[in-house]
Amino acid sequence: MATVTPAHNDPALDPAAAGDIEKYTIPEPEPFVSFQALKDRIRHHYELASDYYYSLWGEHIHHGYFLDPNDTKEVAQIKLISLLIEKSGLKNGSSVLDVGCGIGGTSRYLAKEYNCQVTGVTISGRQVEIAKRLTTEAGGSLDEKDDAFKLGETSGSVKFIELDAEKMGDHFTAGTFDVVWISEAMSHLPNKELFFKNAQLLLKEGGKLVVADWFKDEGLSEKAFKDDISPIEDGMLLPPLCTMKGYVDFAKLAGLKVLAEPFDISKQVAKTWDISWTLIQNPALWAFAVAQGRDGLAFMQAFRAMRRGFANGSFRYAVMAFQK
């Protein structure tokens, strides 16, 4: 790979932390083939990288909601879960579909702390393996009749399924869940309109859909999109990012009503990427990225774009909730 001049004029990058990272150039984005090809790349990414995620970030692979300067990332991650519980009005003992459950951190939390019966789905078989192992290590006992783990003395349970989220409407029975929970996963889904329709289908009457996700800001200039959003979409393996209003429109089209309007917490979660940038300075992680080729490098360098997007206001983060 060619050597390039380090981009020390980038306001989102501490020059002292740049090290050898900038010596890696990224080829132009691969031409779009199909959304199925994109999903295959996403699956491949999580099959390879989920163990690294866990070693660096812990069981909760999502942003932290930093309300206090002294908050650790672990405390801030639980605060984000608590915010989603607040916005959705999730009740003790709810049946929950956790879409894009990762390695099961939120699923276990809801089962243990709120006695929920949680079904976590992820496109990655490796994530299912890790989720089951961590649940066992957390004291979960497997009921082989329904492949669900009971957690301690609580009435909560969790099960994990390898499933493309866009097929959940065919996999589950209509009207099954009190809550559909999706945190930082819908941005990966090519057909977001289908997701909202499936969520509406699977919810019980009065059931809630709660969402936390990444968004582009309204009315971006071509330059802002190219500088900030395009490298995030490329590196994070995303189809085109939506605005917050786009999600609200999809929800209403699916027959859901707005329970909690989009709540922009970009400023409170942006610290996540300052911490992440520090964590990924590990040379072994960059060696792993190089070994994965273009997608690995684009993913790692997208971390800087996330920081820049938050700093410029072009990249946003919000939570919202809807009701059937």
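**Questions on a predicted model**

Me: Where is Gly156 found?
Reply: The model is a predicted one. Strand 4 covers 148-151 and strand 5 covers 157-162. Gly156 is found in the loop between strand 4 and strand 5.

Me: Is Gly156 buried or exposed?
Reply: A residue counts as buried under 20% relative accessible area. Gly156 has a relative accessible area of 0%, so Gly156 is buried.

Me: Which residues does Gly156 touch, not counting residues up to four places away in sequence?
Reply: Gly156 and Tyr109 are 47 residues apart in sequence, and their C-alpha atoms are 9.5 Å apart in space. With residues up to four places away in sequence not counted, Gly156 touches Ala111, Asn115, Cys116, Gln117, Phe149, Lys150 and Leu151.

Me: Is Ala111 buried or exposed?
Reply: Ala111 has its place in helix 4, residues 105-114. Beyond four places in sequence, Ala111 touches Cys116, Val118, Leu151, Thr154, Gly156, Ser157 and Val158. Its relative accessibility is 0%, so Ala111 counts as buried.

Me: What is the polar contact distance between the side chains of Asp228 and Ser314?
Reply: Asp228 lies in helix 8, residues 222-235, and is buried at a relative accessible area of 3%. The side chain of Asp228 has a polar contact of 3.0 Å with that of Asn312. With the side chain of Ser314, the side chain of Asp228 makes a polar contact of 2.7 Å.

Me: Which residues is Asp228 in contact with, leaving aside its neighbours within four places in sequence?
Reply: Asn312 and Ser314 were named above for their polar contacts with Asp228. The contacts of Asp228, with neighbours within four places in sequence left aside, are Ala305, Arg308, Gly309, Asn312 and Ser314.

Me: How far apart are the end C-alpha atoms of helix 8?
Reply: Helix 8 has 14 residues, so at 1.5 Å a residue it should span 20 Å. The distance agrees with this: the end C-alpha atoms are 19 Å apart.

Me: Where in helix 8 does the kink lie?
Reply: The kink is about 40°. It comes shortly before the proline Pro231, at Ile229.

Me: What do the buried residues of helix 8 pack against?
Reply: In helix 8, the residues Asp228, Ile229, Ile232, Glu233 and Gly235 are buried. After the helix comes Leu237, with a positive phi near 55°. The buried residues of helix 8 pack against strand 7, helix 13 and strand 9.

Me: Where is the kink in helix 13 centred?
Reply: Helix 13, residues 294-312, reaches 26 Å from its first C-alpha to its last, close to the 27 Å expected. Gly313 follows the helix, with a positive phi near 85°. The kink in helix 13 is about 30° and is centred on Phe303.

Me: How many aromatic pairs does the structure hold, and what kind is the pair of Phe172 and Phe177?
Reply: The structure holds eleven aromatic pairs. Phe172 and Phe177 have their ring centres 5.4 Å apart and 80° between the planes. Phe172 is buried at 14% relative accessible area, and Phe177 is buried at 4%. The kind of this pair is edge-to-face.

Me: How many residues apart in sequence are the parts that Phe215 and Tyr247 tie together?
Reply: The ring centres of Phe215 and Tyr247 are 4.7 Å apart and their planes are at 70°, so this pair is edge-to-face. Phe215 and Tyr247 are both buried. Phe215 lies in strand 7 and Tyr247 in helix 9, so the pair ties together parts whose separation in sequence is 32 residues.

Me: Which residues do ring pairs link into a cluster?
Reply: Phe215 and Tyr247 belong to it. The cluster linked by ring pairs is Phe195, Phe196, Phe215, Tyr247, Phe250 and Phe322.

Me: Which ring does the charged end of Lys87 sit over?
Reply: The charged end of Lys87 is 4.3 Å from the centre of the ring. That ring is the one of Phe263.

Conventions. Residues are numbered from 1 along each chain as its sequence is written. Side-chain values use heavy atoms; hydrogens and water are left out. Helices (H or I, at least four residues) and strands (E, at least two) are DSSP runs, numbered from the N terminus. Buried means under 20% relative accessible area, exposed over 50%, partly exposed in between (1.4 Å probe, protein chains only). A polar contact is a pair of N or O atoms within 3.5 Å; within protein, one must be able to donate a hydrogen and the other to accept it, and residues adjacent in sequence count only if both atoms are side-chain atoms. Contact means heavy atoms within 4.5 Å. Rings of Phe, Tyr and Trp (its six-membered ring) pair if their centres lie within 6.5 Å; planes under 30 degrees apart count as stacked, over 60 as edge-to-face and the rest as tilted. A charge sits over a ring if NZ of Lys or CZ of Arg is within 6 Å of the ring centre and within 35 degrees of the ring normal. The expected span of a helix is 1.5 Å times one less than its number of residues. The bend at a residue is the angle between axes fitted to the seven residues ending there and the seven starting there.
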